[in-house]
Amino acid sequence: MKISPLPITANFLITCLQLMLMALLETPVNAEDIGLTARVDNNEISLGDTLHLSLTVKGVLNAPEPNLPPLSDFRIRSSSTASSTQIINGQRTVSVTYNYQLVPLKAGSFTIDPAILELAGVTYQSNPVLIVVSEPGAHSPAKKSPAYIEAFVSNANPYVNEQLIYTFRLYRRVQARNLDLSISFEDGIFRKEDMGDAKIFSRTINGIQYQIHELTTALYPIRSGDVEISPATLEIDLLAKSPNSPRQSPFPQIFDNRFFGSRANWLHKTLRSQPLAVSIRPLPKAGKPVKFSNIVGDLDISATIGKKELKAGDTTTLTVTLNGSGALKGYLLPLPKLSDGFKIYPDKPEFKLSVQQNTLMGEKIFKFALVPLKPGHKILPSITLSYFDPARNKYLIKKTTPISLTIEPAEFPENLNSAENFKPKKSNTKNSIETTGEDILPIHTRLSDFEEVSANGSDVILLTGRLVAPPVLFLLFTVYIRFNQKLKHDKAFARNRKAFKIARQKLKKLSSSSGPPPRDFAKKLSDIFREYVGNKLNIQGKALTSFEVEQKLIDQDYPKEQAEQTRVLWGKYESLQYAPTTDSKNNLDMIDESLRLLNQLEKKS
Amino acid sequence: MNYRNSIFQTVFYFLTAWVISTGTAAGEENLSRISLANSYYAKGQYQEAAAGYQKLINGGYKNGFLYYNLGNSYYRLGKTGPAILNYIRAKHFLPRDESLKANLKTAILKTEDQLEPPSAKGIGTFLFWVNDFTLKEQLKFLGIINLFFWGVLSIWIIQKAGFWNVARKTMTVILLIAIISIGAKVYLESENTLGVVLAKNTQIKSARGANNVTLFQLHEGSVVSIIESQNDWYYIELNDGKKGWAQKEFVGSEGAY
């Protein structure tokens with residue numbers, strides 16, 4: 001229900017502007033100009049209304065907050081501060097107003113004593129204010145107000161432990177927010193059970209349509225006597241129209257807000273219900289059963305069995321269900337009295353609540369695991385429940401129907417012993433004992449079994465190797481395959497990759513040959529080098545001139561120095577072809593020089 | 001080039017030495033201690049046997065059969081709580097050992113409350129095999145599957161159609177299952193910690209502090225799930241959903257092995 005305020009409001013902006021203006025027009029004021037005034041919005045209010053008290057300090061803007069007088073008959077709900085600066089005919093007047101919302105705590109006539117302001121050693125006092133607080137409804141009937149509450153109980157004269165329904169209702173015909181409900185039931189008088197979330201519905205009362213919020217609680221009196229349920233108190237903000245804007249908006253949900261400039265404002269109200277007198281009757285002594293369950297209400301009991309035919313040693317489930325309007329939550333059903341021929345194991349009871357025709361109905365299910373010990377025909381006796389029915393004003397006893405069981409002999413007779421009831425701790429109740437025997441199996445003595453299993457160095461290396469080596473090998477394999485595929489399908493790549501190898505082989509062959517004619521030697525050397533360059537650059541190298549080779553190498557990002565060296569060597573080949581030499585040493589030097597240059601070019605390629 | 005080779009050689013020798021040294025760390029001494037403790041047990045000197053096994057465990061020696069033998073020694077001494085705790089610890093290393101399962105059941109049947117370890121839930125139910133294998137076994141399996149997976153993938157690169165395509169997909173699925181299983185195992189071991197009541201009986205409280213309400217009482221050997229550990233208290237849960245706080249001094253945690 002809370003609505004967060006806008007982060008920046010018009011008032012805030014105005015205050016900021018005022019402060020800025022004040023800073024610009026700061027002028028000293030005289031002590032005679034300073035004054036403190038107390039004002040209220042209404043001198044006569046009802047209990048439940050909120051009183052607005054304003055303390056205005058005139059003549060100074062930076063005055064401390066005045067000290068409020070003791071307000072023991074009121075509760076201060078909230079406070080705020082507003083300042084103003086007025087300039088009329090060049091005369092500037094400043095004031096700061098401290099606003100308080102006071103909620104009266106009781107009816108009567110009260111005087112709000114003067115507030116005190118200490119400023120520069122001078123004490124200023126406000127005027128006293130007389131307030132008359134009347135009981136609700138004294139001024140105006142509650143049912144004509146925009147909202148009112150009521151509370152009532154379904155039965156003002158219940159028995160101890162009898163369920164009575166406490167109903168709280170809020171009637172409103174305007175928008176509301178910030179609802180804060182307080183209902184207190186004295187401990188030690190009632191035990192309460194909530195009956196779910198509030199219901200909201202509409203109803204027309206005296207021609208006026210109200211939205212009604214209804215909250216119900218089931219109460220179970222714990223002791224007898226006359227008691228009073230304290231009034232419920234609801235603090236609420238109600239939407240109120242400004243007197244200047246009487247026109248009702250056709251779409252109040254949409255347009256009655258600050259965004260659309262509505263003049264609607266929220267009034268804080270404290271609504272109180274009437275106290276409720278309840279006279280709790282003790283349960284009658286006459287006719288009270290010996291084993292009375294202490295449950296009051298309209299109840300029913302039933303019992304069912306899982307299997308009616310079973311073997312000795314088998315298990316079946318007895319389910320006993322209690323339901324009705326009594327206080328069943330804390331009730332514990334005694335163990336059914338069965339003959340010695342049964343073991344019985346109670347289960348944790350289940351409890352459920354439901355609301356039916358404005359009554360809180362409970363259902364409690366008790367389950368018992370039954371193990372028959374002997375074969376034969378057995379009767380599970382009826383289970384009784386004694387309770388008090390307030391409608392009939394007498395004690396009643398209800399019984400379940402007896403259940404007959406046929407127990408056949410056990411397939412594998414065991415030493416079932418009824419004397420071991422409630423001690424299911426040793427053996428015989430679990431089949432697993434038969435498989436393991438009554439003793440543990442021996443220790444392990446084979447020393448090879450005792451190898452330490454915590455991870456050691458070899459394990460870590462082996463595991464890392466098993467995990468890392470395969471993908472690494474796979475990667476290498478993939479690279480190899482790709483390389484081979486490229487060699488096969490990309491001729492330029494293949495020529496490039498093979499160029500050096502071919503050239504080197506041919507050069508070696510040339511250097512080892514016994515003695516070709518010099519002219520032929522220079523041509524062969526030139527061809528080898530041309531072939532190398534042609535393969536490297538994927539061109540026809542034999543037709544190139546030395547300058548073209550230099551330019552092509554530079555274009556392929558070879559260092560300029562190497563390109564130049566190639567051109568020079570290329571020139572040497574050509575001049576050697578036309579001016580041959582018979583000096584074999586010179587030939588070998590040419591081969592070495594060629595090989596050196598090829599190595600350099602290969603490194604840079 | 002020589003410098004690089006010498007680094008590789010040094011690393012190789014270091015690793016080899018490390019592997020050899022760790023491989024022999026278990027040593028003859030530990031085995032002779034186990035043998036001695038076994039002989040104490042055979043003679044009916046269970047106190048001495050338990051002390052012998054315990055000393056090895058305290059020294060950091062981890063072996064499922066060691067915990068098993070220690071559990072047996074405690075059982076013989078009538079200490080069902082420590083016996084069950086050590087059987088549960090042994091189960092981490094011997095998840096499929098039938099003797100261990102039988103002894104654990106026998107020991108639980110000896111207890112007052114007969115509370116068994118919780119059965120698998122959630123991921124443990126879906127990946128039902130996870131609890132039957134140790135983490136080490138699963139890592140070994142992953143290593144082998146990893147080898148096969150990359151091998152198959154290498155062949156598939158050359159021969160993409162037919163059998164090798166099916167083999168690649170199959171190996172991918174198996175590899176993923178192996179990885180997920182390891183993840184589940186690590187998660188289950190970190191999330192599901194069991195505890196065993198070691199005192200004759202202990203009161204389970206509604207909140208930490210001896211003055212809080214006693215919700216229920218557990219007896220020696222009761223197996224519980226440890227949900228949370230705070231200061232001197234464990235927040236425990238029984239198989240039937242009951243929860244409460246138990247003092248650490250009365251409950252042994254399987255995680256403390």
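**Aromatic contacts and charges over rings**

In the predicted model, the charged end of A:Lys486 is placed over the ring of A:Phe493, 4.7 Å from its centre; a charge sits over a ring if NZ of Lys or CZ of Arg is within 6 Å of the ring centre and within 35 degrees of the ring normal. In chain B, B:Arg208 lies over the face of B:Trp245, at 5.6 Å from the ring centre.

This is a predicted model in which local features need pLDDT of at least 70 and side-chain atom pairs count only at pLDDT 80 or more, whereas totals for chains, interfaces and linings use all residues. Residues are numbered from 1 along each chain as its sequence is written, chains are lettered from A and ligands numbered from 1 in the order in which they are written, and side-chain values use heavy atoms, with hydrogens and water left out.

Over all chains, the whole structure contains 21 aromatic pairs (rings of Phe, Tyr and Trp, the last by its six-membered ring, with centres within 6.5 Å; planes under 30 degrees apart count as stacked, over 60 as edge-to-face and the rest as tilted). One of these is the tilted pair of A:Phe529 and A:Tyr532, at 6.4 Å centre to centre and 55° between the planes. Both residues belong to helix α6 (residues 518-537) of chain A, three residues apart, about one turn of the helix (helices are DSSP runs of H or I, at least four residues, numbered from the N terminus). A:Phe529 is buried at a relative accessible area of 2%, and A:Tyr532 is likewise buried, at 2% (buried, under 20% relative accessible area; exposed, over 50%; partly exposed, in between; 1.4 Å probe, protein chains only).

The B:Phe128 and B:Trp129 rings have centres 5.1 Å apart and planes at 85°, so this pair is edge-to-face. B:Phe128 is exposed, at 58% relative accessibility, and B:Trp129 is partly exposed, at 26%. In chain A, ring pairs also join A:Tyr159, A:Phe292, A:Phe388 and A:Tyr395 into a cluster.

Note on methods:
Helices (H or I, at least four residues) and strands (E, at least two) are DSSP runs, numbered from the N terminus.
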